[in-house]
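Student: I would like to work through a structure with some questions. Could we take them one at a time?

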Amino acid sequence: MSNNTTNRFVDLYSLESPVECYKLNLIGIFCLILFVFSTFFNSTLLWTFIRHKSLRTSINIFIVALTSFNLFGTIVELPFIIVSNLRCRWVFGKFGCIFSAYIMYFIGCTSIYLMSAISFERFYIIYKPMSIRNVNTRTNMLIILACSLNGLMWASFPLLGWSYYSLEGAYTSCAVEWKERSPNVSSYNITIFFLVFLIPLTLILISNAKLIHIVSQF
């Protein structure tokens, strides 16, 4: 990333959002409501798994992991967006921008991999019912770890120079740079489109389609 690009990026922190403030306030209020509901329901679900030992099966461990990531993202990421939209500008500086974008991207990448694992496992158990005996906590924990490491890897590349995190158009949230057409940014975006979005989404759709087809045969 060139010095000129960096300077333009830093200068954005002193600017008010180009979007009307009342629209941003509405977004902030919506995100605040989302924060309350997401925290409540994800916490309730986790507490249910903790309280009822019968639910703590090796199969449900994926749900526990996904819920934990969702709760973590809600608590850590949403406050940045809520405050910035209510203030009508980004107020957390460059470090806050990179940190919030990194957390959001890490959780997003990990979550889609976990959803792929959940979809495939559900299909496989229905497709081969006897295989449930081979499903154990250790194996599923290793899969969750692999999903998390993959999410961590893709979220870390922008910190290492392959693309970068930047303020989005409204100047109230941060994400991976999407608009720049440099080879560095474009190559990263194309790669994650296939490896983090398209392939996992295809696996989810195929697994669920086959699952529905199998169930409809009974």
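Student: Is Ser163 buried or exposed?

Tutor: This is a predicted model, in which local features need pLDDT of at least 70, side-chain atom pairs count only at pLDDT 80 or more, and totals for chains, interfaces and linings use all residues. Residues are numbered from 1 along each chain as its sequence is written, and side-chain values use heavy atoms, with hydrogens and water left out. Buried means under 20% relative accessible area, exposed over 50%, and partly exposed in between (1.4 Å probe, protein chains only). Ser163 has a relative accessible area of 2%, so the residue is buried.

Student: How many disulfides are there?

Tutor: A disulfide is a pair of cysteine sulfur atoms within 2.5 Å. Cys21 and Cys88 form one, with their sulfur atoms 1.7 Å apart, and Cys97 is joined to Cys174 at 2.1 Å from S to S. By this rule the count is two.

Student: Which hand does the disulfide of Cys21 and Cys88 have?

Tutor: The hand follows from the torsion about the S-S bond. For Cys21 and Cys88 that torsion is about 75 degrees, so the disulfide is right-handed.
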